[in-house]
Amino acid sequence: MKLRKIKEILRAEVLMGDDRDLEVDVTNACGADLISDILADMKKNAVLLTGLTHKQIIQTASMSEFAAIIFVRGKYPARDVIELARENHLPLLRTEYPLYESCGLLYEAGLRGDYYRKKGEMGEQIEEKQLSGVMRLVYKVSGGDFNNAGKATEQAKKILKQLGINPSAMRKVSIAAYEAEMNIVIHAYRGKMFFNITPSYIEVIAEDEGPGIEDIELAMQEGFSTAPERVRELGFGAGMGLPNMKKFSDVFEITSVVGKGTRVKMLVNL
Amino acid sequence: MTLNDLQKELSLKLVTRGTNLERPVEGGYASDLLSWVMGHASENQVWITIQSHPNIVAVAALLGLSGIIVAEGVDIEENTIKKAEEENIPIFSSDKPVYEICGILYNALSRSRGKC
């Protein structure tokens, strides 16, 4: 659907953008007022419907590569916000409709999302919250699912990249989190990965329901592994998982209860 | 040296479509243990392995490796190729054994460094 059509449906006013900008093809939309939700949005060729009109929304939308922003509920951004959008070549529209009706009208007109189709592909992100300066990402990880193994870490890394986290910290978090995620896939029944992103550090917590670890000290030794043969054939289970997690995090804590599960907490300073 | 140069130098067969071959190659890393690669390989290295399941793409993407060479003529799973195209990680196939690929790559990289 062309941006021009969206403008007509929402009876919107163009605040920034020319005739050519209105020819852009839009295939999806995101309605949100939480910056962290918007940052985490991975849709392509989408418009952002929001009631936020501050400068950060322009930066956020540009980073997440939205095709345009539509301000809902008749909100007007300040002049410097429009200027910033111009610098970023990000078209801005404004509609009197509230968020609910804007979404409904576009959906009805055929601009459908692809949530269920994508959900399978992208790994499941089940929760995301923004507490004062802390962003929390939560992903479910399924034991034995080697096809989706690593997806939680990949998703989290994309968000860290968008947030502009320095490459060396990003690398450490990626390696530590990937190993923890793989351990859930290899050894546990199911688990969750939490990424708590703060201005001074990133905390990764991997919690699982699984067999637990009998002798943690032994498990921490390089080369020690209890992974089954079929897993080792894939190149996993070399006994480097836990040592890597420890090596690449600034604080490393592990607790485990045999027959219940394991919890690993890793902290990387920024 | 770029992946393009590398492909010519080693007569590699590119199996992914639309992936970036202009990426620089600053070194190589050879191992079939994923955690070992995770802990030791560095950005802009090319990874030589006989593993060909989709998880190799996750490792390469997370580490920022420039590409993967699957050696010894091992068949590469369709899922691996699809995922690599999504993540923009070029995968090459070669009939040569790991040892030979490493040797040729090592010499080619030393030569290209000598030039600069």
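Student: Which elements of chain A do the buried residues of helix 4 of chain A pack against?

Tutor: In this predicted model, the buried residues of helix 4 of chain A pack against strand 1, helix 3 (55–63) and strand 5 of chain A. The buried residues in question are A:Val81, A:Leu84 and A:Ala85.

Student: What puts them on the same side of helix 4 of chain A?

Tutor: The arc that they cover around the axis is only 100°, which places them on the same side of helix 4 of chain A. An α-helix has 3.6 residues a turn, so residues three or four places apart point the same way.

Student: Which exposed residues does the face turned away from the buried side of helix 4 of chain A carry?

Tutor: That face carries A:Arg79, A:Asp80 and A:Glu87. To be called exposed, a residue may have 12 or fewer other C-beta atoms within 10 Å of its own. Just after helix 4 of chain A, A:His89 takes a positive phi of about 50°.

Student: Why does A:Ile213 count as buried?

Tutor: A:Ile213 has 21 C-beta neighbours inside 10 Å. The cut-off is 20 or more, and A:Ile213 therefore counts as buried. A:Ile213 is placed in the loop between strand 9 and helix 9 (216–219) of chain A.

Student: Which residues does A:Ile213 touch, not counting residues up to four places away in sequence?

Tutor: A:Ile213 touches A:Ala219, A:Ser256 and A:Thr262 when residues up to four places away in sequence are left out.

Student: What is the order of the strands in the open sheet of chain A?

Tutor: The open sheet has 5 strands in the order 1-5-4-3-2, with mixed pairing.

Student: Why is one side of strand 1 (13–16) and of strand 2 (28–31) of chain A left without a neighbour in the sheet?

Tutor: Strand 1 and strand 2 of chain A stand at the edges and each has a single partner strand, so one side of each lacks a neighbour in the sheet. On average, neighbouring strands of this sheet are turned by 25° against each other, direction ignored.

Student: What makes strand 8 of chain A a partner of strand 7 and of strand 9 of chain A?

Tutor: Here too, at least two bridges are needed. Strand 7 (residues 134–142) of chain A is joined to strand 8 of chain A by 8 bridges, and 8 bridges join strand 8 to strand 9 (residues 201–209) of chain A. A:Leu137 stands opposite A:Phe195 in strand 8 of chain A, and A:Ile197 stands opposite A:Ile202 in strand 9 of chain A. Strand 8 and strand 9 of chain A form a hairpin with 3 residues between them.

Student: Which residues form the covered face of strand 8 (residues 190–197) of chain A, and which the uncovered one?

Tutor: The covered face consists of A:Gly191, A:Met193, A:Phe195 and A:Ile197. The uncovered face consists of A:Arg190, A:Lys192, A:Phe194 and A:Asn196.

Student: How many residues of chain A are in contact with chain B?

Tutor: In chain A, 19 residues are in contact with 14 residues of chain B. Helix 7 (151–162), helix 8 (167–187) and helix 11 (241–247) are the elements of chain A that give two or more residues to this side. Helix 8 of chain A gives the most, with 4 residues. The side of chain A that touches chain B comprises 8 nonpolar, 7 polar and 4 charged residues.

Student: Which parts of chain B make a right-handed β-α-β unit?

Tutor: Strand 2 of chain B, helix 2 (residues 34–40) of chain B and strand 3 of chain B make this unit. Strand 2 (residues 27–30) and strand 3 (residues 45–49) of chain B run parallel and are joined by 4 bridges, with B:Gly28 opposite B:Val46.

Note on methods
Residues are numbered from 1 along each chain as its sequence is written. Chains are lettered from A and ligands numbered from 1 in the order in which they are written. This is a predicted model: local features need pLDDT of at least 70, side-chain atom pairs count only at pLDDT 80 or more; totals for chains, interfaces and linings use all residues. Two residues are in contact if their C-beta atoms, placed from the backbone, lie within 7 Å. Ala, Val, Leu, Ile, Met, Phe, Trp, Tyr, Cys and Pro count as nonpolar, Asp, Glu, Lys and Arg as charged, and the others, Gly among them, as polar. Axes are lines fitted to C-alpha atoms, for helices over the stretch in contact, and angles run from 0 to 180 degrees between N-to-C directions. A crossover is right-handed if, with the strands pointing away from the viewer, the path from the first strand over the helix to the second runs clockwise. The arc is that of the directions from the helix axis to the C-beta atoms.
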